[in-house]
Amino acid sequence: MAEVRIEGVSKRFAKTVAVEDMSIHVPDGAFVVLLGPTGAGKTTTLRLVAGLEQCDTGRVTIGGEDMTRAAPAVRDVAFVFQQYSLYPHLSVFDNLAFPLRSPTRRVAEPDIKRRVTEIAEMLRIPHKLQSRATQLSGGEMQRVAIGRALVRRPSIFLMDEPLSSLDAKLRADLRLELKRIQAELGATILYVTHDQIEAMTMATAIGVLAQGRLVQFADPRSIYSDPDSIYVATRLGSPRINLMPAEALPVSGAPKGTHTIGARTEHIGIAPIAGGGIAGKVMRIEHLGDQSHLHVSVAGQQLTVLVDPHSVPSVGDEVGIRLNNALFFDGDGRRLRAA
Amino acid sequence: MAEIRIETLQKQFGEFIAVKESSFTVADGEFFVMLGPSGCGKTTTLRMIAGLELPTSGKIFLGNEDVTFKRARERDIAFVFQLFALYPHMNVRANIGFPLACQGVARSEIRSRVEETARLLRIDHLLDKPVSGLAGGDRQRVALGRAIVRRPLAFLMDEPLGALDSEFREIMCHELRALHDRIGATTVYVTHDQLEAMSMADKIVVMNHGVVEQFATPQQIYDRPATMFVAAFIGSPPMNFLKFEGAIEPGASSIRINGAAVDLPPVREGVTQRSLALGVRPEHIRFADAGPLQGMVDGTEYLGTTQIVTVTTDHGSLKARVGADMRLKPGEKVWLRLTSDRLSLFDAASGRAIPSALHHARQGGVHG
């Protein structure tokens with residue numbers, strides 16, 4: 001395993017700027033997730049590290065070595081794609097062994113057997129080794145695809161939405177497993193997704209991308225609780241953070257220049273109106289089981305508030321609202337931190 | 001608008017029973033969701049309500065009228081499919097007005113109803129645009145408009161959001177429900193997505209293998225699942241099950257799971273020695289310095305407000321939902337405390353809930 005550095009990298013396709021002045025440091029053994037919507041430059045960044053695209057400017061180093069112009073094969077990276085592509089005519093064992101049997105690697109057959117078995121154990125598919133690839137379920141196929149990357153022990157794993165084609169339950173299972181395997185191997189992973197749950201649950205650090213630029217890079221808890229901009233604040237959290245124009249709600253302690261106030265759904269206190277607070281009215285209640293979401297109308301704004309499902313007011317109730325841990329943003333959506 | 005009543009509805013395709021003696025009532029103006037995995041019979045039931053399939057036996061009432069064997073077009077129902085098909089050569093106005101034009105409604109009437117519909121859907125600024133240039137969401141609003149403009153007695157929707165990505169789905173969920181709140185039309189909505197069902201429905205019917213497993217409000221279904229299937233299908237992560245062998249005396253308020261004593265709501269009906277399962281929602285597990293059950297942290301998943309902690313115990317692997325501020329490491333030993341008054345008990349063989357004080361306050365009916 002090795003650290004990867006992306007330094008001031010830009011990439012254009014004709015007139016479109018795909019990646020602009022991107023700098024990211026992926027420490028050895030880190031699980032870095034690049035999060036952003038379609039077109040943010042996530043996949044291009046990954047492909048630049050893999051050598052599947054050439055940087056226009058900037059440098060890519062892997063394990064301290066400049067790989068900017070190196071061919072993909074010499075970079076010692078393993079790429080896992082969204083669509084797993086296994087060899088349908090081969091068994092699971094042979095699919096897993098395939099990268100090791102490449103003529104440039106020359107791994108001895110007993111070593112291959114040992115490593116394939118080891119990886120199969122780790123992926124919990126040892127009983128499937130003799131099955132044909134086509135006999136596997138979707139989740140098993142994606143495990144084999146991941147296994148084919150793991151078996152090589154590359155410097156870094158590059159993963160492009162590897163779980164997005166799986167159903168919700170399998171995705172949840174594989175999220176946990178991928179994180180466990182990463183920890184066991186001490187692997188370095190650069191992982192791309194638009195799914196905030198994947199980013200929050202697996203990453204040691206999240207890089208939030210917007211239109212080809214890195215806008216914030218930190219651990220998941222910091223990204224969630226201490227975002228640098230409205231854009232970052234709305235990337236994490238479901239339901240989304242409430243955003244209100246500053247003039248709509250009187251909040252004490254707002255720094256000068258505050259244009260927008262942000263309050264996460266769990267940072268809004270709700271009490272009977274008699275207890276004070278900003279007056280609001282309950283418009284709708286969503287019961288999600290472990291929690292309920294109140295949709296409250298306050299000063300012409302619609303707020304979503306997280307409440308305990310067993311102490312819920314009724315639709316039409318007048319309630320008092322209090323904001324805790326409010327976030328303040330300027331007119332350009334940049335975070336204003338209290339002095 | 002009207003109530004829809006389903007009475008012992010059955011549908012067989014040869015030997016295969018797609019829907020088995022299902023009964024439920026969709027109240028007038030309700031947003032009603034049929035929820036279940038693929039192949040559970042929800043779409044077949046919906047198609048029978050629409051008149052696209054004829055039942056083998058049973059009855060369907062729309063309002064007070066028996067429509068069981070009426071043709072689809074004789075039922076005043078609008079069906080919204082998963083894949084929206086619009087007429088590409090017509091503009092938005094003509095697409096929405098099409099069902100009315102087919103019925104021979106007067107032009108001036110069509111005009112005012114199309115405009116009213118567009119306002120409801122907040123697409124009135126798009127009326128004279130061609131549909132070909134529309135964004136996905138607006139296309140869907142146009143398709144919905146085509147269903148709404150007829151003012152049918154009821155709307156039937158078959159996974160209308162199934163083809164959308166998750167972020168956009170969430171937005172459309174809210175829009176659909178807000179639209180329902182504005183027009184108050186009886187709506188039957190089919191989905192396999194439990195979160196969609198929970199967030200939108202007034203009432204949910206959970207189906208499995210053609211059988212109605214439970215029929216109640218979202219919160220009742222979540223808090224008091226009638227079967228292990230429902231308990232496992234609803235919630236993310238789903239309910240945990242601690243399997244054990246035992247007999248229960250009527251009125252018992254404590255059980256022993258392999259020696260560990262666990263309190264639970266007083267059981268109303270005793271059972272003889274058999275395989276049982278204690279059902280625990282993830283948020284009803286708390287970590288403590290001592291407690292009846294011990295486990296080891298397997299992994300944590302940070303989710304912003306909360307985190308999911310996977311714990312290995314002697315009784316199997318459990319998932320707990322705790323506050324995100326708690327720092328836990330894999331390999332750490334923990335003791336588990338369960339929120340006693342929220343626990344469910346199931347007969348593991350039949351999968352049915354054993355009635356207890358938990359079910360005392362029950363309001364909705366439980367069928368099956």
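In what sense do strand 16 and strand 17 of chain B pair, and over how many bridges? Select residues 293-302 and residues 306-313 of chain B: strand 16 and strand 17 pair in the antiparallel sense over seven bridges. Strands here are DSSP runs (E, at least two residues) and helices are H or I runs of at least four residues, numbered from the N terminus; two strands pair if DSSP finds at least two bridges between them.

This is a predicted model, in which local features need pLDDT of at least 70 and side-chain atom pairs count only at pLDDT 80 or more, while totals for chains, interfaces and linings use all residues. Residues are numbered from 1 along each chain as its sequence is written, and chains are lettered from A and ligands numbered from 1 in the order in which they are written.

**Strand 17 of chain B and its partners**

Stay on strand 17 and pick Thr313(B), the bridge partner of Gly295(B). Then go to the turn: strands 16 and 17 of chain B form a hairpin with three residues between them, and Gly304(B) in that turn has a positive phi of about 90 degrees. Ile308(B) stands opposite Arg321(B) of strand 18. Six of the eight residues of strand 17 are buried (20 or more other C-beta atoms within 10 Å of the residue's own, with C-beta atoms placed from the backbone).

**Helix 1 of chain B**

Select residues 42-50 of chain B. Eight of the nine residues of this helix are buried, including Lys42(B), Arg47(B) and Met48(B). Just after the helix, Gly51(B) takes a positive phi of about 90 degrees.

**The cores**

Select Val33(B), Ala154(B), Leu156(B), Val188(B), Ile204(B), Leu278(B) and Leu345(B). These have the most contacts inside the largest nonpolar core, which has 100 residues; such a core is a set of buried Ala, Val, Leu, Ile, Met, Phe, Trp, Tyr and Cys residues joined through C-beta atoms within 7 Å. Apart from it lies another core, of 94 residues, with Ile119(A), Tyr191(A), Met244(A) and Val307(A) among them.

**The open sheet of chain A**

Move to chain A, where six strands form an open sheet in the order 6-7-8-3-9-10, with mixed pairing. Its edge strands are strand 6 (77-80) and strand 10 (213-218), each pairing on one side only. Strand 6 and strand 7 (residues 156-160) of chain A pair in the parallel sense over four bridges, and Phe79(A) stands opposite Leu158(A) in strand 7.

**Helix 4 of chain A**

Select residues 138-150 of chain A. Eleven of the 13 residues of helix 4 are buried, so this helix is largely enclosed by the rest of the structure. What covers the buried residues includes strand 6, helix 2 (92-97), helix 3 (109-122), strand 7 and helix 5 of chain A.

**Where the chains meet**

Last, show both chains together. The contact (C-beta atoms, placed from the backbone, within 7 Å) takes 20 residues from chain A and 18 residues from chain B. On chain A, helix 5 (168-185), helix 6 (196-202), helix 7 (220-225) and strand 14 (278-287) each supply at least two residues of the side that touches chain B. Helix 5 of chain A gives the largest share of that side, four residues.

How values were computed
A residue is buried if 20 or more other C-beta atoms lie within 10 Å of its own, exposed if 12 or fewer, and partly exposed in between; C-beta atoms are placed from the backbone. Two residues are in contact if their C-beta atoms, placed from the backbone, lie within 7 Å.
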